[in-house]
Amino acid sequence: MPELAFFSGTMDCGKSTLALQIQHNRSARGLQGMIFTRDDRAGEGKLSSRLGLVTEAVETDDHFDFHGHLVRHLTAGGRTDYVIADEAQFLTPEQVDQLARVVDDLGIDVFAFGITTDFRTRLFPGSQRLIELADRVEVLQVEALCWCGARATHNARTVGGQMVVEGAQVVVGDVRRPADEVGYEVLCRRHHRRRLTAAAARAGVLSPETLPVDPAQQPVPAPRG
């Protein structure tokens, strides 16, 4: 049976990488997919991961009609066996309803990937609607880490390395932005509550290199009798 599946997680946890892996696996079996994205880091009409993988996609906005687009494609003789919708947190609730109709009326699997909550720990409207409608909701198991080494569960917006909690819900940015720009950082709940970013904590490297060891200074094991 076709399904609407929602894969969620923080920034930097591999959502787009998994989307590209699903696309690769299914296309290798002769299936044809349609990929949708919005405001991808690689530019318009692209789906990319931080590992450097990239593929072509259909760029969407708040007025895009997913169900209508697929109906027109199929009516014109096109083929679509599955749908991938990346950056699904930016979808409107109405667009999520359209994706549910793609599953129910057209019999096409839909795989949506997105962040669950914004920098204020509030649900994105698109993510909320996906949680309400999806046949399956999965939290990605590739854990992003807070600067302290704990599992990162929250997205923080930063300006000049300092966490901010006011502003528009959607401001396009990335975890790789320079410190003096609007960017994002993933934090554990404790440090998100304390607004303690890596810059604010003057955090060092999580796993410093091991100091070199001089073999001549190592104790010689006692002989066994």
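Trainee: Why is Ile131 called partly exposed?

Mentor: Its relative accessible area is 41%, and the class runs between buried (under 20%) and exposed (over 50%), with a 1.4 Å probe and protein chains only. So Ile131 is partly exposed. Keep in mind that this is a predicted model, where local features need pLDDT of at least 70, side-chain atom pairs count only at pLDDT 80 or more, and totals for chains, interfaces and linings use all residues. Residues are numbered from 1 along each chain as its sequence is written, and side-chain values use heavy atoms, leaving out hydrogens and water.

Trainee: What makes Asp109 and Arg26 a salt bridge?

Mentor: The rule asks for a side-chain nitrogen of Lys or Arg within 4 Å of a carboxyl oxygen of Asp or Glu. Here the closest N and O atoms are 3.9 Å apart, and the pair counts. Asp109 sits in strand S7 and Arg26 in helix H1, so the bridge ties together parts 83 residues apart in sequence.

Trainee: Is Asp109 buried or exposed?

Mentor: Buried, because its relative accessibility is 17%. Arg26, at 25%, is partly exposed.

Trainee: What about Glu56 and Lys46?

Mentor: Their side chains meet in a salt bridge too, at 2.5 Å from N to O. Glu56 lies in strand S4 and Lys46 in strand S3, so this pair links parts 10 residues apart in sequence. Glu56 has 55% relative accessible area, so the label is exposed.

Note on methods. Helices (H or I, at least four residues) and strands (E, at least two) are DSSP runs, numbered from the N terminus.
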